[in-house]
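Grab a pencil and have the sequence and the 3D view open side by side. Here are some exercises, each with a solution worked out step by step.

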Amino acid sequence: MRHLELSPRLRLLAGWVRPGARIADVGTDHAYLPVWLVLHGCVASAIASDLREGPLARARETGRIYGAAGVDFRLCGGLSGIQPDEADTVIIAGMGGENIAAILAAAPWTADGGHTLLLQPQSKAEDLRRFLSEHGYRIVREALVRDRGILYPCMEVTAGQEALTPGQIYGGAKLLHDPLGEPYIIAKIIRLQGAVAGLNRAGGPENQKKADGLREVLTALLSMREEWRHANCP
């Protein structure tokens, strides 16, 4: 049997899966994560779903190549083809934060308190954090991982009430002691500075209002950077 090696971002997710969990990996693509978890005996069951037949065919091929019997491959959008009692851990990685939020919004049972969500947005993490904060979810822990030069935030989420500040929405809710926290915050600052400059060039009262809002976020992020440095630098 061939050896399956996970990328750094998938290794982080694998390490967060509770032993014996029943997982559903949404948007599985090649299904590397569920196949790895099954091969290592980490989970009681695994569903690998994808919206399109092409990625699901690749997922099935991964299962065949590595000899992972028992992975349940499903063609469905988001969680539409997965029942709440079929999984206690939902993994959604490799898509934008706004898409992850839409998947959760269409499956309100994910906020029933009986499910753990492992979420890893590849972009627009602020959209996801804002949604979680406003719709009855709580970020239990958060960590950053660098993979091919890109920083990915990973969140463990459950049901609960949690009000996030603008700075936390953009810069992370639980990253104060993360070793990659400062470069992550700096990248957000640089991106928002560019957005503010663009809005200023565009002019007009609506754009000025948006720019003012982003400047408030920038102030919060600069403060978060100083907090991180105080907590981590001797």
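**Exercise 1: the second largest pocket**

The second largest pocket holds about 230 Å³. A pocket, on a 1 Å grid over the protein atoms alone, is an open set of points where a 1.4 Å probe fits, with protein on both sides within 12 Å along at least five of seven lines. Its volume is the space filled by probe spheres set on the points, which are joined across faces, edges and corners.

Before you start, note that this is a predicted model: local features need pLDDT of at least 70, side-chain atom pairs count only at pLDDT 80 or more, and totals for chains, interfaces and linings use all residues. Residues are numbered from 1 along each chain as its sequence is written, and side-chain values use heavy atoms, with hydrogens and water left out.

Task: find which residues lie nearest the centre of the second largest pocket, and which elements line it.

Step 1. Lining residues have an atom within 4 Å of a point. There are 14 of them here, and Gln122, Leu151, Tyr184, Ala187 and Lys188 lie nearest the centre.

Step 2. Two or more lining residues come from each of helix H5 (125-134), strand E7 (150-159) and helix H7 (181-202). Helices (H or I, at least four residues) and strands (E, at least two) are DSSP runs, numbered from the N terminus.

Step 3. Sort the lining by class: eight nonpolar, two polar and four charged residues. Ala, Val, Leu, Ile, Met, Phe, Trp, Tyr, Cys and Pro count as nonpolar, Asp, Glu, Lys and Arg as charged, and the others, Gly among them, as polar.

**Exercise 2: the largest pocket**

Task: work out how much space lies in the largest pocket and what lines it.

Step 1. The largest pocket contains about 670 Å³ of space. It is lined by 29 residues, with Arg9, Gly27, Thr28, Asp29 and Gly94 the closest to its centre.

Step 2. At least two lining residues each come from helix H1 (8-16), strand E1 (21-26), helix H2 (32-39) and helix H3 (53-66).

Step 3. Now zoom in on Asp29, in the loop between E1 and H2. Its phi is positive, about 55 degrees, although Asp29 is not a glycine.

**Exercise 3: the cores**

Task: say which residues touch the most other members of the largest nonpolar core.

Step 1. A nonpolar core is a set of buried Ala, Val, Leu, Ile, Met, Phe, Trp, Tyr and Cys residues joined through side-chain atoms within 4.5 Å. Buried means under 20% relative accessible area, exposed over 50%, partly exposed in between (1.4 Å probe, protein chains only).

Step 2. The largest core has 45 residues, and Ile92, Leu104, Leu119 and Leu132 touch the most other members.

Step 3. A second, separate core has 31 residues, including Val35, Ala93, Leu118 and Ala143.
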